[in-house]
Amino acid sequence: MMKENESSRQGELSREATLEAVLFAAGNPLPLSGIAAVMDCEESEVVELARSLQAKLTSEGSGLTVQKVAGGYQLVTRPEAYATVERLSQVTDRHLSAPTMETLSIIAFKQPITKPEIEQLRGVRVERALAKLLELGLICELGRKQVIGRPILYGTTAVFLRCFGLDSLDDLPQLPAEDPAARLELEAEAARQSGKADSAAEKDSPAEDSAKP
């Protein structure tokens with residue numbers, strides 16, 4: 001009897017309201033395929049429901065809206081409510097420092113990029129900024145660059161897209177055209193820095209005996 005009552009109550013909800021509940025409960029962005037599986041419907045229906053829900057929330061003057069983020073859908077606060085919602089940071093301040101934000105910006109626009117390349121652009125060391133960004137999950141290691149010293153390559157993550165309300169990296173604003181000569185100079189300097197680090201490591205390592213007993 002209880003299951004029948006629950007089914008009856010659920011049947012009173014519109015499909016848009018059901019989608020709203022699913023997105024609210026998820027918190028993080030849900031992929032299209034995941035929503036379709038949860039709601040037992042086709043992905044095309046989810047797209048239409050998301051569009052309908054967004055229009056409904058807007059017409060009702062809701063403080064929430066549906067946003068396509070990181071390849072999925074998420075229930076988020078409207079931009080107009082930002083000034084008020086921002087006051088939540090007074091309870092828990094998780095703002096990035098200016099140097100860390102600058103480092104993140106460089107990685108976002110120049111990825112994949114190495115630590116020496118970032119330091120060449122910023123003019124300062126970035127160990128702390130990289131450690132903080134890795135801790136927050138905003139960046140990750142993408143492998144190693146095939147140059148002397150094989151420095152680690154860094155790039156942004158899905159967490160970065162979600163935090164900045166981006167669907168993909170294509171949504172980043174366009175930067176002015178880069179000077180090829182400046183790019184070559186940057187790569188040459190990064191290679192020199194990597195070479196210095198490699199040479200220092202070799203000097204610190206104990207020398208191997210060349211003579212055999």
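Start by selecting Asp40, which sits in the loop between helix H3 (32–39) and helix H4 (43–59). Before you zoom in, keep in mind that this is a predicted model. Is Asp40 buried or exposed? It is exposed, because its relative accessible area is 68%. Now check its backbone: Asp40 has a positive phi of about 55°, although it is not a glycine. Here is the background for that: most residues other than glycine have a negative phi, and most peptide bonds are trans.

**The two helices on either side**

Colour H3 and H4 next. At what angle do H3 and H4 pack? The angle is about 95°, and their axes are 9 Å apart. That makes H3 roughly perpendicular to H4. Show the side chains where they meet: from H3 you want Leu32, Ser33, Ile35, Ala36 and Met39, and from H4 you want Glu43, Val46, Val47 and Leu49. Sorted by class, this contact of H3 with H4 has 7 nonpolar, 1 polar and 1 charged residues.

**The sheet with E1, E3 and E2**

An open sheet of 3 strands runs in the order E1-E3-E2, and its pairing is antiparallel. Strand E1 (30–31) and E2 are at the edges; each has a single partner strand, so one side of each is left without a neighbour in the sheet. In general, strands of a sheet pair through backbone hydrogen bonds, either parallel or antiparallel.

Select Leu30 and look across to E3: which residue is its bridge partner there? Tyr73 is the one. E1 and E3 are joined by 2 bridges. H4 packs on this sheet and touches E2 and E3, with its direction at about 145° to that of E2.

Now highlight strand E2 (residues 64–69) and strand E3 (residues 72–77), which pair in the antiparallel sense over 6 bridges.

Move along to Thr100, in helix H6 (residues 98–110). Thr100 counts as buried because its relative accessibility is 8%. What does Thr100 touch, leaving out residues up to four places away in sequence? Ala129, Lys132 and Leu133.

Next, select Pro112, in the loop between H6 and E4. The peptide bond leading from Gln111 to Pro112 is cis, with omega near -5°. Leave Pro112 highlighted, as another stop comes back to it.

**The sheet with E4, E6 and E5**

Here you'll find another open sheet: 3 strands in the order E4-E6-E5, with antiparallel pairing. Its edge strands are strand E4 (113–114) and strand E5 (139–144), each pairing on one side only. E4 pairs with strand E6 (residues 152–156) over 2 bridges, in the antiparallel sense. To see one of the bridge pairs, select Thr114 and its partner in E6, Leu153.

Now click on Leu142, in strand E5. Leu142 counts as partly exposed because its relative accessibility is 46%. Leaving out residues up to four places away in sequence, Leu142 touches Pro112, Leu153, Tyr154 and Gly155.

Follow the chain into the loop between E5 and E6 and select Arg150. Its phi is near 45°, a positive value in a residue other than glycine. Arg150 counts as partly exposed because its relative accessibility is 40%.

**Last stop: cysteines**

Select Cys140, which counts as partly exposed because its relative accessibility is 26%. Then select Cys163, which is exposed, with a relative accessible area of 53%. A disulfide is a covalent bond between the sulfur atoms of two cysteines. How many disulfides are there if the sulfur atoms must be within 2.5 Å? The count is 0.

Terms used:
Residues numbered from 1 in each chain as written. Predicted model: local features only at pLDDT ≥ 70, side-chain atom pairs only at ≥ 80, totals over all residues. Heavy atoms only, no water. Disulfide = S-S within 2.5 Å. Buried < 20%, exposed > 50% of the residue type's maximum accessible area, 1.4 Å probe, protein only. Helix = DSSP H or I, 4+ residues; strand = E, 2+ residues; numbered from the N terminus. Contact = heavy atoms within 4.5 Å. Pairing = 2+ DSSP bridges. Axes fitted to C-alpha atoms, helices over the stretch in contact; angles between N-to-C directions. Parallel < 35°, antiparallel > 145°, perpendicular 65-115°, else oblique. Nonpolar A, V, L, I, M, F, W, Y, C, P; charged D, E, K, R; others polar.
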